[in-house]
Amino acid sequence: MADKDLRINEQIRVREVRFIRDDGEQQVITTAEALEIAKEQGLDLVEVAPQAVPPVVKILNYGKFKFENEKKVRDSKKKQKLLKLKEIRMQPKIDEHDLDFKSKHVQEFLAEGNKVKVTVRFRGRELAHTELGLDVLKDVLKRIEGEYVMDKPPLMEGKFMSMILSPKIKK
């Protein structure tokens with residue numbers, strides 16, 4: 001429910017409203033009566049359910065109500081986790097030590113909770129032997145030992161062969 005949709009006090013232009021008291025009791029009364037009760041208490045009459053027939057109104061401090069809603073929205077944004085896609089690039093004729101080093105980086109990225117795109121780039125005549133790139137990707141998978149979920153299996157995309165890995169969900 002957006003704050004812009006909420007009408008308060010004199011902005012409520014319907015004849016009758018469903019009025020909710022502090023104790024939770026409901027009754028259908030005229031808008032003028034509801035406004036009078038709100039003014040006696042020194043609070044605002046806020047339309048909380050405009051789509052209902054008749055619209056539902058409550059008496060509350062509108063400034064506090066608006067602040068609480070904004071606070072809920074901020075807290076929900078804090079709890080969201082943004083996934084990043086990290087990329088590791090290699091070539092089909094990669095050395096053992098380099099492969100170990102790159103595999104360690106893949107493990108670190110997965111441990112941080114990021115997705116990882118592992119890419120093998122082919123140049124020139126290497127394109128005739130794409131099976132070498134597939135072997136490299138399989139070797140990377142063996143080295144990281146099941147700490148992943150494969151989102152996209154190894155596939156050729158032009159001069160690149162790539163796969164996408166996600167971290168395993170921790171229970």
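User: Before we start, what counts as a helix or a strand here?
Analyst: Helices (H or I, at least four residues) and strands (E, at least two) are DSSP runs, numbered from the N terminus. This is a predicted model, where local features need pLDDT of at least 70 and side-chain atom pairs count only at pLDDT 80 or more, while totals for chains, interfaces and linings use all residues. Residues are numbered from 1 along each chain as its sequence is written, and side-chain values use heavy atoms, with hydrogens and water left out.

User: OK, Glu47. Which strand is that in?
Analyst: Glu47 lies in E3, residues 44–49.

User: Buried or exposed?
Analyst: Glu47 is buried, at a relative accessible area of 0%. Buried means under 20%, exposed over 50% and partly exposed in between, using a 1.4 Å probe and protein chains only.

User: What does its side chain pair up with?
Analyst: The side chains of Glu47 and Arg7 make a polar contact of 2.7 Å. That term is a pair of N or O atoms within 3.5 Å; within protein, one must be able to donate a hydrogen and the other to accept it, and residues adjacent in sequence count only if both atoms are side-chain atoms.

User: And which residues touch Glu47, skipping neighbours within four places in sequence?
Analyst: Leu6, Arg7, Ile12, Pro55, Val56 and Val57. Contact here is heavy atoms within 4.5 Å.

User: How does E3 connect to E4?
Analyst: Through a hairpin of six residues. E3 and E4 pair antiparallel over five bridges, and Ala49 has Val56 as its bridge partner in E4. Two strands pair if DSSP finds at least two bridges between them.

User: What's the strand order in that sheet?
Analyst: E2-E1-E4-E3, an open sheet of four strands with mixed pairing. E2 (26–30) and E3 are the edge strands, each pairing on one side only. E1 (residues 16–20) and E4 (residues 56–60) run parallel, joined by three bridges.

User: Switching topic: how many residues are in the largest nonpolar core?
Analyst: It has 19 residues, and Met90, Val106 and Leu110 are among those with the most contacts inside it. Such a core is a set of buried Ala, Val, Leu, Ile, Met, Phe, Trp, Tyr and Cys residues joined through side-chain atoms within 4.5 Å.

User: Which element gives the largest share of this core?
Analyst: H4, with five residues.

User: What else is there besides that core?
Analyst: A second, separate core of ten residues, including Val17, Ile29, Leu35 and Ile59.
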